[in-house]
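Subject: Structure handover

Hello,

Here is the structure for you to open. My notes follow below it.

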There are 2 protein chains.
Amino acid sequence: MTLPKPPVITAFERSPDRGRGLARDMRVRWALEEAGQAYEVRLVSFAAMKEPAHRALHPFGQIPTYEEGGLALFESGAIILHIAERHQGLLPSDANARARAIAWMFAALNTVEPPIIEYSMARLFEQDKPWYADRLPVLESHVHARLGELSSRLGDANWLDGAFSAGDLLMVTVLRRLGSSGLLEKYPDLSAYVARGEARPAYQRAFAAQLAVFNGKPLAG
Amino acid sequence: MTLPKPPVITAFERSPDRGRGLARDMRVRWALEEAGQAYEVRLVSFAAMKEPAHRALHPFGQIPTYEEGGLALFESGAIILHIAERHQGLLPSDANARARAIAWMFAALNTVEPPIIEYSMARLFEQDKPWYADRLPVLESHVHARLGELSSRLGDANWLDGAFSAGDLLMVTVLRRLGSSGLLEKYPDLSAYVARGEARPAYQRAFAAQLAVFNGKPLAG
């Protein structure tokens, strides 16, 4: 009898955020750790990501991908949902609570992340543009609108809907993209929410594993 | 014995696109039609969407929402996945094919839609800005990158991965947001893909239903 091979995910060969865990492989690592699943990592260069071999796995030439037996997946949200459906710890068992947790997964990726990415990209790539000073406050206001609404919903709860779920996992990773911008700090409840996510042992194992790649000392699988 | 009540979705009381079916209730209507499920529609005004009663259903004060028995959902992607999991016609039965179809759902919403929305919003709200002429080509290039990659993957297939799925349903609605911009027309295969979606009887029933709201003559449920 042979044990099934662990799934293989892809991650950046060189971390653009210098090991701060903002790339999307972090989400998948965290989900696998929450599920108690071993995994292997294949590192890809920015050049290799755009080659046909990688595009066969990921049509948009990005990371992460997920390979397991005959299955190849892309999109961090879909990979995490796949893991969550097959293992304990990421989705509630009650059908209605499960559907609501999945709604928070989509909300993190489709409602909260886009204005955060737009804001982050402007800070990275438009600082030298003549319109930067005029546009940045507009982009900030879009982020604040979402953060305010999220904060109102969270209230004094620990997690968005009952126990920790894949919805919280994605939301925490999305909010972490605000990094050192200072925007998140205006919402102490959201800062505490992110800190609760970061304090989870599974998060810490995942974070250490991606940091080890940046430090050139990948952890044993 | 009483029949179960049909689910209730929300839609804009006044269609901002004048009945062109670009609002996100169209996606949910289409999914319900593909699944052969009756539904009811509650129209909400822009003001009511921001009130506490609606925010209890949708924390971000948007449409659509979905109410069915004791379940309340938001996020069109999550609503469609919920419908797809419970009815035939939107996800393949093979487990791996199903996971890949869900990956296309996330790809439509998290990879293809964001640059399309950013481009559309600039065309709507930044035409009078001094930077518009400089920024628009950049935003167009981001959309073209995604469309080119999507076109390469689609090739000469009818749908993104085997039979029509919820992934195609979402991708078609996302591509339709390009409207009259002319960008989609540079990819005859993608234009034909969207046309195949629009030709489906379920799409046409959903489109007629949302158009009837704009025309002030809601169809009987």
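How many bridges join strand 1 of chain A to strand 2 of chain A, and do they run parallel or antiparallel? Five bridges join them, and the two strands run parallel.

First, the ground rules. This is a predicted model, where local features need pLDDT of at least 70, side-chain atom pairs count only at pLDDT 80 or more, and totals for chains, interfaces and linings use all residues. Residues are numbered from 1 along each chain as its sequence is written, while chains are lettered from A and ligands numbered from 1 in the order in which they are written.

**The sheet in chain A**

Strands here are DSSP runs of E with at least two residues, helices are runs of H or I with at least four, and both are numbered from the N terminus. Two strands pair if DSSP finds at least two bridges between them.

Four strands of chain A form an open sheet in the order 2-1-3-4, with mixed pairing. Its edge strands are strand 2 (40–44) and strand 4 (71–74) of chain A, and each pairs on one side only. From one strand to the next, the twist averages 25°. (Axes are lines fitted to C-alpha atoms, for helices over the stretch in contact; angles run from 0 to 180 degrees between N-to-C directions.)

Strand 1 (residues 8–12) of chain A has four of its five residues buried, so it is largely enclosed by the rest of the structure. Buried means 20 or more other C-beta atoms within 10 Å of the residue's own; exposed means 12 or fewer; partly exposed is in between; C-beta atoms are placed from the backbone.

Strand 3 (residues 65–68) of chain A runs antiparallel to strand 4 of chain A, and four bridges join them. A:Tyr66 has A:Leu73 as its bridge partner in strand 4 of chain A. These two strands form a hairpin with two residues between them. In the turn, A:Gly69 has a positive phi of about 55°.

**The sheet in chain B**

Chain B also has four strands in an open sheet, in the order 2-1-3-4 and with mixed pairing. Strand 1 (residues 8–12) and strand 3 (residues 65–68) of chain B pair in the antiparallel sense over two bridges. There, B:Ile9 stands opposite B:Tyr66 in strand 3 of chain B.

**How the chains meet**

A rotation of 180° with 0.0 Å of shift along its axis superposes chain A on chain B, with an RMSD of 0.0 Å. That is the relation of a two-fold axis.

Contact means that the C-beta atoms of two residues, placed from the backbone, lie within 7 Å. By that test, 31 residues of chain A are in contact with 31 residues of chain B. Helix 5 (95–125) of chain A is among the elements that give two or more residues to this side of chain A. It provides the largest share, 13 residues. The side of chain A that touches chain B has 18 nonpolar, seven polar and six charged residues. (Ala, Val, Leu, Ile, Met, Phe, Trp, Tyr, Cys and Pro count as nonpolar; Asp, Glu, Lys and Arg as charged; the others, Gly among them, as polar.) Of the interface residues of chain A, 100% are also interface residues in chain B, so the copies meet through the same surface.

A nonpolar core is a set of buried Ala, Val, Leu, Ile, Met, Phe, Trp, Tyr and Cys residues joined through C-beta atoms within 7 Å. The largest one has 120 residues, of which A:Ala166 and B:Ala166 touch the most other members. Leaving aside neighbours within four places in sequence, the contacts of A:Ala166 include A:Ala31, A:Ile80 and A:Met105.

In chain B, helix 7 (residues 166–176) is mostly covered, with 10 of its 11 residues buried. B:Ala166 is one of the buried residues. The cover includes helix 1 (25–34), helix 4 (76–86), helix 5 and helix 8 (188–198) of chain B.

**One residue to look at**

B:Ala97 sits in helix 5 (residues 95–125) of chain B. It counts as partly exposed because it has 16 C-beta neighbours inside 10 Å. B:Ala97 and B:Gly162 are 65 residues apart in sequence and 8.3 Å apart in space, C-alpha to C-alpha.

Best wishes

Technical notes:
Least-squares fit on C-alpha atoms with pLDDT ≥ 70 in both.
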